[in-house]
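This briefing is meant for a reader who meets the structure for the first time.

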Amino acid sequence: MIHGILRAEKIHSQEELLKRLEREGVEVTQATLSRDLKFLSVARVPDGSGEYLYTVDPPQEAAQDPFIRDDLRREIVGIEFSGNLAVVKTKMGHAPGIAYGIDHLKITDVIGTVGGDDTLLVVLKEGADRARFLRELTGGP
């Protein structure tokens, strides 16, 4: 049922999805819904208007770079490096969407990302140029 709802409607929050499920006669706790979303590989992705929505099937093509980078600039609070790792702090709840955006930018030195709620880890190639990573991330000079 969750897949059907997310494919048919734009759902921006777990609370919104909980209410939608209740309208279908399904009672579920927020904790159970959160686990179900993880199990179903549901992602939160930028919708192009500065908000995020849940999706079961991420778009086949990434949104245009300016929109992704705008979201990244707005939602990233700070970045610290240690070796080939970048710890990226975001606004609460935005780390998964930021990780998704970074993955879809296909930044040269990025091997992968792991996102929590307000922090994500970006694994860079050994010897990666941090300044180049930041330029490619933000679209800056």
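In this predicted model, 4 strands come together in an open sheet, in which the order is β3-β4-β6-β5 and the pairing is antiparallel. The edges are held by β3 (76-82) and β5 (110-115), and because each of them has a single partner strand, one side of each is left without a neighbour in the sheet. On average, and with direction ignored, neighbouring strands of this sheet are turned by 20 degrees against each other.

**The sheet and its helix**

- One of the residues involved is V110, whose bridge partner in β6 is L124.
- Helix α6 (residues 130-138) packs on the sheet, where it touches β3, β4 (85-90), β5 and β6, and the direction of α6 makes about 160 degrees with that of β3.

**Residue Q14**

- Q14 has its place in helix α2, which covers residues 14-23.
- Its relative accessible area is 16%, and since buried means under 20%, Q14 is counted as buried.
- When neighbours within four places in sequence are left aside, the residues in contact with Q14 are Q30, L33, S34, L37 and Y54.

**The largest pocket**

- The volume of the largest pocket is about 570 Å³, and of the 18 residues that line this pocket, Q14, K38, V42, Y54 and P96 are the closest to its centre.
- Two or more residues of the lining come from each of the elements α3 (30-39), β1 (43-46) and α5 (95-105), with α3 giving the most, namely 3 residues.
- Sorted by class, the lining of the largest pocket consists of 9 nonpolar, 6 polar and 3 charged residues.
- Q14 and Y54, which are in contact with each other, are both among the residues closest to the centre of the largest pocket.

**The chain as a whole**

- The protein chain has 6 helices and 6 strands, and, read from the N terminus on, its elements follow the order α-α-α-β-β-α-β-β-α-β-β-α.
- Along its principal axes, the C-alpha trace of the protein chain spans about 55 × 25 × 25 Å.
- Of the 141 residues in the protein chain, 34% are buried.
- Among contacts between residues at least 6 apart in sequence, 48% join residues that lie at least 24 apart.

Technical notes:
Residues numbered from 1 in each chain as written. Predicted model: local features only at pLDDT ≥ 70, side-chain atom pairs only at ≥ 80, totals over all residues. Heavy atoms only, no water. Pairing = 2+ DSSP bridges. Axes fitted to C-alpha atoms, helices over the stretch in contact; angles between N-to-C directions. Contact = heavy atoms within 4.5 Å. Buried < 20%, exposed > 50% of the residue type's maximum accessible area, 1.4 Å probe, protein only. 1 Å grid on protein atoms, 1.4 Å probe; cavity = no way out; pocket = protein on both sides within 12 Å on 5 of 7 lines; lining within 4 Å. Points joined across faces, edges and corners; volume = space filled by probe spheres on them. Nonpolar A, V, L, I, M, F, W, Y, C, P; charged D, E, K, R; others polar.
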